[in-house]
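Dear colleague,

Please find below the structure that I am handing over to you.

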Amino acid sequence: MIITTTNSIENAKVERYLGVVTANLVIGTGFFSDLMASFTDLFGGTSGTYRKELEGLYQRAHEELSLKATLLGANGILGFKIDFDEISGK
């Protein structure tokens, strides 16, 4: 399956549009991840824990969208885009 962030693929013709595929994923990082990130905020640097969580989310979204598109009979996804938003219980 070809997945691209662009609206077209060079030297390829879109024969048929099958619709929009979406995925909504929610994760919780947990108390210890938040605690370690607080130290990073205090002392500076980057949070490896959060980075790994975001990379995992990206991969899961990629897989879920690919599966949904395949079930529609698609052989590619154009305009692949992921937005990350924070939902806080604080």
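The notes below set out what was found, beginning with the basis of the values.

The model is predicted: local features need pLDDT of at least 70, side-chain atom pairs count only at pLDDT 80 or more, and totals for chains, interfaces and linings use all residues. Residues are numbered from 1 along each chain as its sequence is written, and side-chain values use heavy atoms, with hydrogens and water left out.

Aromatic pair

The structure holds one aromatic pair. The ring centres of Tyr58 and Phe80 lie 5.7 Å apart with their planes at 85°, so the pair is edge-to-face. By definition, rings of Phe, Tyr and Trp (its six-membered ring) pair if their centres lie within 6.5 Å; planes under 30 degrees apart count as stacked, over 60 as edge-to-face and the rest as tilted. The pair links distant parts of the chain, 22 residues apart: Tyr58 is in helix H2 (residues 48–72), and Phe80 is in the segment after strand E2 (76–77). Helices (H or I, at least four residues) and strands (E, at least two) are DSSP runs, numbered from the N terminus. Tyr58 is partly exposed at 37% relative accessibility, whereas Phe80 is buried at 8%. Buried means under 20% relative accessible area, exposed over 50%, and partly exposed in between (1.4 Å probe, protein chains only).

Core and surface patch

Phe80 also belongs to the largest nonpolar core, which has five residues in all: Leu65, Ala69, Ala74, Ile77 and Phe80. Such a core is a set of buried Ala, Val, Leu, Ile, Met, Phe, Trp, Tyr and Cys residues joined through side-chain atoms within 4.5 Å. Not counting residues up to four places away in sequence, Ala69 touches Met1, Val21, Ala74 and Ile77; contact means heavy atoms within 4.5 Å.

Tyr58, for its part, forms a nonpolar patch on the surface with Leu54 and Phe84, with about 290 Å² of accessible area together. Patches are made of residues with over 30% relative accessible area and no salt bridge: like charges are joined within 9 Å, nonpolar side chains (Val, Leu, Ile, Met, Phe, Trp, Tyr) within 5 Å. Accessible areas come from the Shrake-Rupley method with a 1.4 Å probe; for residues, only the protein chains shown count as cover.

Salt bridge

The structure holds one salt bridge. Glu64 forms this bridge with Lys68, the closest N and O atoms being 3.5 Å apart. The term requires a side-chain nitrogen of Lys or Arg within 4 Å of a carboxyl oxygen of Asp or Glu. Glu64 and Lys68 are four residues apart in helix H2, so about one helical turn separates them. Glu64 is partly exposed at 27% relative accessible area, and Lys68 is likewise partly exposed at 33%.

Other residues

Leu72 is in helix H2 and is partly exposed at 43% relative accessibility. Leu72 and Gly19 are 53 residues apart in sequence and 8.5 Å apart in space, C-alpha to C-alpha. Beyond its neighbours within four places in sequence, Leu72 is in contact with Leu18 and Val21.

Thr4 lies in the loop between E1 and H1 and is buried at 17% relative accessibility. Leaving aside neighbours within four places in sequence, Thr4 is in contact with Ile9, Ile77, Leu78, Gly79 and Phe80.

Asn11 is in the loop between strand E1 (2–3) and helix H1 (31–43). Asn11 has a positive phi of about 65° although it is not a glycine, and its relative accessible area of 80% makes it exposed.

Yours sincerely
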